[in-house]
Amino acid sequence: MASSGSSPLPFAIKRHEPEFIRPANPTPREVKQLSDIDDQEGLRFHVSAVMFYPNNPLMKEKDPVKVIREALGKALVYYYPFAGRLIEGDNRKLMVECTGEGVLFIEADADTTLENLGDAILPMCPYLEEFLYDVPGSRGILGSPLILIQVTRLRCGGFIFSLSANHTMCDAPGMIQFLNAICNMAQGLSRPSVLPIWRRELLNARNPPRITHMHYEYEEEINTNCKGTLMAMDKNNLVHLSFFFGPKEIRELRNKLSTSLGDCTTFEVLAAYVWRCRTIAFAVDPDEVVRLSCFINMRGKSGFGVPSGYYGNAFACPSSITKAGMLCTNPLEYAIRLLKKAKMEMSIEYVKSVVDLMVIKGRPSFTQPGNYFVTDLRRAGFDEIDFGWGKPVYGGGAKAIFNMSFCGQFRNSKGEEVNVIPICLPPSVMERFEHEVNRMTKEVKAVGNIKSML
């Protein structure tokens, strides 16, 4: 069912030299501090997203590269920190130096069509490295461009918009806000429909800082002598697959749950399900501690005080925690109950405790051994980004990263909403994972043309 992603590229692609797009008008030259949520070690990496747009005959005279390039420059007038570079101060505090140097932009042409790409447009796209070229030196955290955008025209008249962004600057809702500002400019508005708000001090530590909750997601690693394979993951030898869950598969999973569980979301069911299957596949010692960390957005929640227009990182990720043996031998609802319990930890005081922990403990990374991260991007808004050509046929996360996955969504040819979760695992673990997934839900499909050794 799966084929290697190392086969030769089946189409030609021509990329122009990367260029810097600077704000269209003069912007302030200043230094702005990131929040104590932003600059934690666990966010010091680049995240990517991709959107595939079909041909729109009404836009025949318009060039998406030209339109987006010009709109980007105009949007950066309002989001000028993105055109700067990060520097680091005392206690590893990150700040953005607003230099106006610009974001990286690549113009490209691919000799293929959206139809020919087929399922390759879904995570994990085997041609992602072609549609989002890794410009040497662009993935650093300090002193590097904060955003890289590539717009690739297709022979059919459609195009691909892909980007990579420094996660310390924004989360998914923040990036969507910026992308919508580009859309506003591309469609002729004089300013963004939602004006950006910096105010990163809203998520800074108290004085004095104090940790008032247990934070399993940042727990120090006391014993890393895992008896399974959780510590043996070679990042250079991972198999990448995406698993699809349509209405039928979701019903099958829900049918396994008891009525005493009460209401639970589709994301809760899928995140718990994949966590359980993944843990079984790793065949870890029953006494080993495993975690599931899900990112929870603060926006729109009463009392959290995150204003409209705020585009920094505004989330926490309380962890579900248990022993591997308990997770693997109990039914699915055991994992769901753990996830629901962890989500209940999310409170204003919990967030303040996380922020204070960052300052007290030197901005630590997330706990890594036995920790699996999943974020829900289904309603993030990537599938609504419209530069004037209409909505993308797929818009969302581009790939899973090591022990991080996301839950995305798209509409299939039947008009059904299908959930997709990409995951990367060592080859032998992936085989067991597929077996376990198929054992519980026989209809779940692992997309074949995206299996690759990266």
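Biologist: How many salt bridges does a search of the whole structure find?

Modeller: This is a predicted model, where local features need pLDDT of at least 70, side-chain atom pairs count only at pLDDT 80 or more, and totals for chains, interfaces and linings use all residues. Residues are numbered from 1 along each chain as its sequence is written, and side-chain values use heavy atoms, leaving out hydrogens and water. A salt bridge needs a side-chain nitrogen of Lys or Arg within 4 Å of a carboxyl oxygen of Asp or Glu. With that cut-off, the search of the whole structure gives 30.

Biologist: Glu-219 forms a salt bridge with which residue?

Modeller: The closest N and O atoms of this pair are 2.3 Å apart.

Biologist: Is Glu-436 buried or exposed?

Modeller: Buried means under 20% relative accessible area, exposed over 50%, and partly exposed in between (1.4 Å probe, protein chains only). Glu-436 meets Arg-439 in a salt bridge (2.6 Å, N to O), and Arg-439 is partly exposed at 49%. Because the relative accessible area of Glu-436 is 6%, this residue counts as buried.

Biologist: In which helix do Glu-333 and Arg-337 lie?

Modeller: Their side chains meet in a salt bridge at 3.4 Å, N to O. Being four residues apart, Glu-333 and Arg-337 are separated by about one helical turn in helix α8 (residues 332-344).

Notes:
Helices (H or I, at least four residues) and strands (E, at least two) are DSSP runs, numbered from the N terminus.
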